[in-house]
Each structure stands twice: as structure tokens, then as C-alpha cells.
Amino acid sequence: MYLKLSWRNLWRNYRRTLITVTSIVFAVVLALFVGSLNRGTHDQMIDNMSRFHTGYLQVQDPLYEDEPSLDNTLDYDEEVVSEVEGAHPEIEFIVPRIETFMLAASDEQTRGAMVLGIDPQKEQRLNELLDRVTEGSFFEAGDQSVVLSDGLAGRLNLSVGDSLVLLGQGRFGMTASGLYEIEGLVEHPMREMNNQIVYMPLQEAQWLLSAEDYITSLLVTPTEVRHTDNIAASLRQSLDDEGYRVLTWQEMLPDLLGIIQLDNAQQVLMIGILYIVIGFGLFGTVLMMTLERMREFGVLLSIGMKRSQLGMVMFAETLLISALGVLGGCLLGYPIVYYFYRNPIPLGGDMADVVEEMGMGMEAVLMFSIDPDIFWAQGVIIFILAFFICLYPIIKISRLNIIEASRK
Amino acid sequence: MGMLMKISWRNIWRSPGRSGVLLAAIAAGLWAGVTTASITNGFIQQRFERLIESEISHVQVHHPEFLTEREPQMHLAEAEEIIEFLQQDTDVKDFTARTLVDGMIQSPVTTSGVQIRGIQPEAEQQTTSIQDLIIEGEYLDTDVRNPLIIGRALAERLNVNIGTRVVLTFQDIDNELVSSAFNIVGLFSATSSAEEEGKVFTTSAILSDYIAGEMVYHELAVLMQHEEMSESMANTLNQRFLKMEAQTWSELSPELRYLTDVGYVSSYIFMIIILLALAFGILNTMLMAIFERSRELGMLLAIGMNKVRVFLMITLETVLLTLTGAVIGMALGLITIRYLSSEGLNLESVGGSSLEEFGYAAIVYPVLGTQSFFVITLLVIFTALIAAVYPAIKALRLKPAEAVRDQM
């Protein structure tokens, strides 16, 4: 009955209800907007860094992270592949890499270079590397040629068709040296990487480094980024600790995690401040509503309704209003956030240049996220906020002076 | 007008509850605006100063092509003249010269690419306080032969420690490869692991000797008395010396420009969101207030007060309320800022638990310029007034007869 009464109360003066509900709706939409922008920006950073740098998850030899030497490598065979791929249903594909540091030289210049032995087709699936060729073409899996990042090629004064000398150390201190034709140049989106990468076919790299059938890391790509932690957990369970170590991007990119933490801490502050402003606005509306209904309450009490009963009716009203507001806010907020998710806000002229120059491979846009988490989190927080504020009339009722109120 | 003013002022205090809430909302809005702006501002400034004073300096001088090509023979031909000039300029606070070369570092375990920085121990300390970053071992002013300082992360990666001997390989100015053993004397920590892994330090005298057999410098870093002097210093240097290029921090570090530009933009976006929340809160509260007062307003209209005056009366009420609220908000904001800027705001308490670990200062000291303080105040007052227009118009549409009769 309380519910019915309060439902009717709501629609008896729909104008008043509407104002209160819109206050909440608006609060939810604003909070969603901020939350979604924050998350979207972070997702973009993680996505970029993971795809072009370390991958979301890596399986390595347990010693490799602390001592990244070719002596600490993984066997790469059917068994490992099927074991890793079968560990979790959300694993989309895996990418093998062998990675080491060597000297790269042309006739005149010598530079340190990061040599990456890769499977071009798999790399393509991870980060569309093959589409970033600026000159020449990309090698096929069995070739004996290399592709240089164009920054490194510039520093060595080399271009497509020239020869590149690689000099370094292979597995167990074996000397590694080779002469390769440059088949193509790619532009790596991260400036720092663009100045030092040499790509070569996995097999050729393994041969050069006396590491046949070995790799330094196996990158695991989840179907959705949010599965990363679950996949890491099941990989850790199914793989033997002695032989394998599973690392997530959080562990491999601590700097990025630091930036995100810092950003989040600031965001908590800012959203907290936003809640205060929202709270005052909402409280104002509710207070006005209560004042306006004083007479009504007084009359109800004087004709014999118990305070507790009236309180229950108001409580139900509060619940309904808060729920309506939060629901409405999510419904209205979703298309707005979704629109910006589809059409990220481009940053203006000068700022676009700055983002470009940073060389982090980021696009100069403000990204939004439509992760359901955000809707839950903001919805629940605002609901609680609204709920507490809407309790005000109940407190008022318990202290109401009937005679004064009904005379008003 | 005088009478209207009086009526409005009395109206405000006739219902302290309603006015109190509006006052509180406006004060909270202004407080929120001022506080968030000062936190963002303080954060950006702190980070900016840290990066300028410990890494980038205000102005850097290089051979015009050094930054893109990074070849050892691109050293500063007029180094001595420039140094002499800098010594005599009173705007210059400190400066230091560096010999830079890219190379490879080899430990018994593994190899890695590094930027080798030959520094002048004393001047470098004056300019970037590098000695403060040393967490273990000694600075370069030791008697050890070929001393080298490397980052903590690199030391872990190479599995070396103080006292270990490592081999550095790099090109000299004739493009010949030079290899030499260096002794690790100290370890430094930095804000990012890229920094810790990518840079090693020795003295410029030793490095120059290997590269050229005489003193050569590739970089001059200049710290000015004030940031504003950077631009003119760079211009003077560029006009005066021909075989070099002087650049300010904003040209040198896109990251720093990103920090300042994007930082301020996001604080504007957030400010807009707060103002929206504030406007909506006020709008709804005023609307509710008009409904509650419809009887009173109807009475005023019925006894012959004309609509313009009613409109003016309501607007005046809002103006007075807003101004009072603004004063309170400003006072609160100033107190908060003063308190926070002396005590510092610890981000660790809002989820940034391991910020220190990532090399960020976890404590922010908010700062706010007088100018932005007044801009924000004006914005808040303006927003409050805009938000009051619609309810006031609504009041004009009241039909006196109905309004007076309206009991609820």
C-alpha cells in the first residue's frame, strides 16, 4: 500500500517529481561523462602501449624479466602453443617473439638496435604492423631479409635495397653476425622505438642468435582487454612455475601504470568535488519540495496518519525517485557517451601537434569508454547520494509540529 | 528600486532554509571551482618545475642537426665562445655542458642500448641536481678510473652492482667504434624506468677524450633566473652564434607541453562540468521555490504589483543571494587553498597508494593565481544568474487568480 500511495503521490504533482528526477538524471549524466572520459583516455593509452610494445600478457622464462638475456629463453613448440592457447577460452591468439639488442651498422654508421624476430602475419593481427610500411615491402615468414624502422634507417643513412650488418651476442655467448638486405621500412608509432627497431623473420633471428626453436616471449592477446587478469590467473594455474612466468601489462609497463594511478587519484578528487556540487543542487530541490508539502504532511498527520506510516510513504517515494533518476540518467547518458565513444572529441590544432610530437603513438582525440563498470559505479554512487538526500523529508516529518504545519 | 532591493533582501531572510540551501549551493560551486583549479594548477606547476629543474632546463643548445641525427661529430663548434657568453649574462642562473653519444653497454650477462652522457660533475649538479638522484654509491667526483653512474633499473637488467666493470661501445667522431671498460661507482633513480634504463653518466672529460681526443660538447643546458627569460635567451643565442641552434623547453619537450596544455584543457572541461552541475542545481531549486511561493507571488500580482517588478524582485533576490554565496565560497576556497598549500594534499589518501614508487610526488601543493581566482568567481556568478532567469520568467506566467487559490 505504501508503494501505491507513494507512486500516486509522485504523479499527483508530476511537475515537482519531474524536477527532482531531472536533478538526479543530470547528476548521473555528468558523472558518467567524466567517468567515461577518464576511462577512455586510459584505455587508449593501455591499448597503444600494449599493442605496439609489450602486448597485454606475456609468457616468459622465469628469469627473463630480471635478466633479459638469450640464455633465459622459452622452448617454442606445438606443446607450449597448445598449452597456452587452451588455458582460457578468451584467448584470441598468441604471438611469438625473440628479442635482443645488437649493433646495427651501415658502411659509415653504427647504432645500437633492438632486433625483433617476429612472425609477420601474427604481428599484423596484433598491431597491423604490415600496414605501417612506408617504403618497400614487408618480409614473409621464411625470408632472409630485414625491415627497419624508418628512424633507425635515417640515422644509418640506409634505404630499401641496401645491406645492413648486425653484430652481437647469441645464446650462450655465441657470436652473432649477419648481413641482410633491407626489404622495407616501417614507421613505428612510438618515437623511441622508431629509432631503434630492426624486424626480422623469427626463424632467421633464431638461426642468427643460435637459438633455434627458442623465443624470448610469447604474447597473449585476449578477446577483450578486460579479460586480461582472468587469463593471467588461469595461465599461472595451468603453466608450471618453474618453467614459465606470466606477466601482465601492469607489470611490464610500470610507468604507464604510474601515470594511470596518478590520473585516477586526481580524478577521485575531482569527482568527489563534483559530487559535492551535485549534492547541494539536489538537496536544494528536495528541501524546496519538502517545504512546499509541509501543509500536506500536517493535514495527513492531523487526520490520523501515523508518523511512521507517513515516513514509510516518503521512504518509498524517495526510493522511487532515486531509482527513476538513476535509471533515467543511465538511459540518457548511454547514447551521449556512446556517441562520443564512436566520435571521439578531436583536440584542437596546437594540441594535436603536441600529441603527435610526443611520439607515443596516440591519436589526438579525447576517447570515451562505454564499459558497463562505469555505469554501475556512477549509478550506485549517485543512487546512494540521492537516497540520503531524499531522506530529509522523513527527518522533517518526525519533527513536524502538526498544528503549525497545517495552518501554513 | 531601493524599495525592491529592501523587499528582496527581506524575502531572502524570510525563509532562511531555502536561501540557506541556495547560498550553500553557490558557495559550494565556487569553492569547488577554486579548489579544483588550484589543485590542477599546483600539480602542473610542481611537475613542470621538477622536469625543468632536474631534466630539461629552460634552454638547450645543440648543433642544428644533432637532435635528429645524433652523430658524434655534430658537436658544438663554438662551445667556448658560447660558454663565455653565458658566464657573463646575468639572466642565466646556471648552465652546464655535456658530451653525448649513443652506444651499447655490456655486462657479463647481457647487452643493452644506452645514451652515454658525459657531464661536468660540478656544473651539472648546479643545473640539474643530479647528485640528489643517486641512491647508492658515489657521484662522479671520485678517483676511480673511468667512473660510470647507471640507473637502478638498468643495473637490475644487467645484473651488475657498484664496483662491477662494464664495457661501453660507441662511435668516435671519425665513425670508428671505440670500446672501453668503465667502473660503476653509483646508481641513480629517476621518474621513469625509460630514464633509468636509457641513460648512463660519466664525465665529459673522459668521454670527449675517447670520442675526439680533445674537449667536445654536444649540448649546453641553461637554467634561467625565470622561465619567462627562456624565449629571449634562445633568440639572442640564435642571433649571435651561427653554427648552433638554441631551443626552449617548449620546443624540446612535447611531453612538457602536453602536460601544461592538456592539463589546463582538462581542467577547463572539468570546470564547465562543475558550472553545469551548479547551474542545474540552482535552476531546480529556484523552480521549486517559485512553485512554493506561487501563492505569495500571485497575491503580490493580485494586489497590483506589476509583472516587471515581480521579475525584478526575483532577479534581485538571486543576485543578492549569489553575491553573498560567492563571498562565502571565495572565503572558504581561500581558506582551503591556504591550508592545502601549506600542508600539501596527499594523493595517497585517494587511491594513489604507490605513487612514490612510480617516482611521482604524492603530495600536491595547490596554487592559484589572482587572475584565475577572479575569472572563476565571475564565471560562477554569471552561471548563477543565467540559471535564475528561467524560474523568474516562469513566475511571470503565473495567473494571479489561480495562484492565490492554489492551496497546495
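The bend at a residue is the angle between axes fitted to the seven residues ending there and the seven starting there. Helices (H or I, at least four residues) and strands (E, at least two) are DSSP runs, numbered from the N terminus. This is a predicted model, in which local features need pLDDT of at least 70 and side-chain atom pairs count only at pLDDT 80 or more, whereas totals for chains, interfaces and linings use all residues. Residues are numbered from 1 along each chain as its sequence is written, and chains are lettered from A and ligands numbered from 1 in the order in which they are written.

**View 1. Helix α14 of chain B bends by about 25° at B:Val389.** A proline, B:Pro391, follows the bend within four residues. Among the buried residues of α14(B) are B:Ile376, B:Val380, B:Ala384 and B:Pro391; a residue is buried if 20 or more other C-beta atoms lie within 10 Å of its own, exposed if 12 or fewer, and partly exposed in between, with C-beta atoms placed from the backbone. The buried residues of α14(B) pack against α2, α11, α12 (294-302) and α13 (307-343) of chain B; contact requires C-beta atoms, placed from the backbone, within 7 Å.

**View 2. Strand β4 of chain A (residues 110-118) is mostly covered, with 9 of its 9 residues buried.** In a regular strand the side chains alternate between the two faces of the sheet. On one side of β4(A) lie A:Thr110, A:Gly112, A:Met114, A:Leu116 and A:Ile118, and on the other A:Arg111, A:Ala113, A:Val115 and A:Gly117. Strand β3 (residues 91-105) of chain A runs antiparallel to β4(A) and is joined to it by 9 bridges; pairing requires at least two DSSP bridges between two strands. The two strands form a hairpin with 4 residues between them. β4(A) also pairs in the parallel sense with β9(A) (residues 197-201), over 5 bridges. A:Leu116 is the bridge partner of A:Glu99 and also of A:Tyr199 in β9(A).

**View 3. The largest nonpolar core has 113 residues.** Such a core is a set of buried Ala, Val, Leu, Ile, Met, Phe, Trp, Tyr and Cys residues joined through C-beta atoms within 7 Å. A:Ala104, A:Leu148 and A:Val198 have the most contacts inside this core, and β3(A) supplies its largest share, 7 residues. A second, separate core of 99 residues includes A:Val29, A:Leu262, B:Leu345 and B:Ile376.

**View 4. The contact between the chains takes 65 residues from chain B and 57 residues from chain A.** On the side of chain B that touches chain A, α2 (16-56), β2 (92-106), β3 (111-119), α6 (152-158), α7 (193-198) and α11 (254-292) of chain B each supply at least two residues. The most come from α11(B), with 23 residues.

**View 5. A:Asn157 and B:Asn175 each have a positive phi, of about 55° for A:Asn157 and about 65° for B:Asn175.** A:Asn157 lies in the loop between α5 (150-156) and β7 (163-169) of chain A and is partly exposed because 13 other C-beta atoms lie within 10 Å. B:Asn175 is found in the loop between β6 (165-171) and β7 of chain B; B:Asn175 is partly exposed, with 15 other C-beta atoms within 10 Å.

Definitions and conventions:
Two residues are in contact if their C-beta atoms, placed from the backbone, lie within 7 Å.
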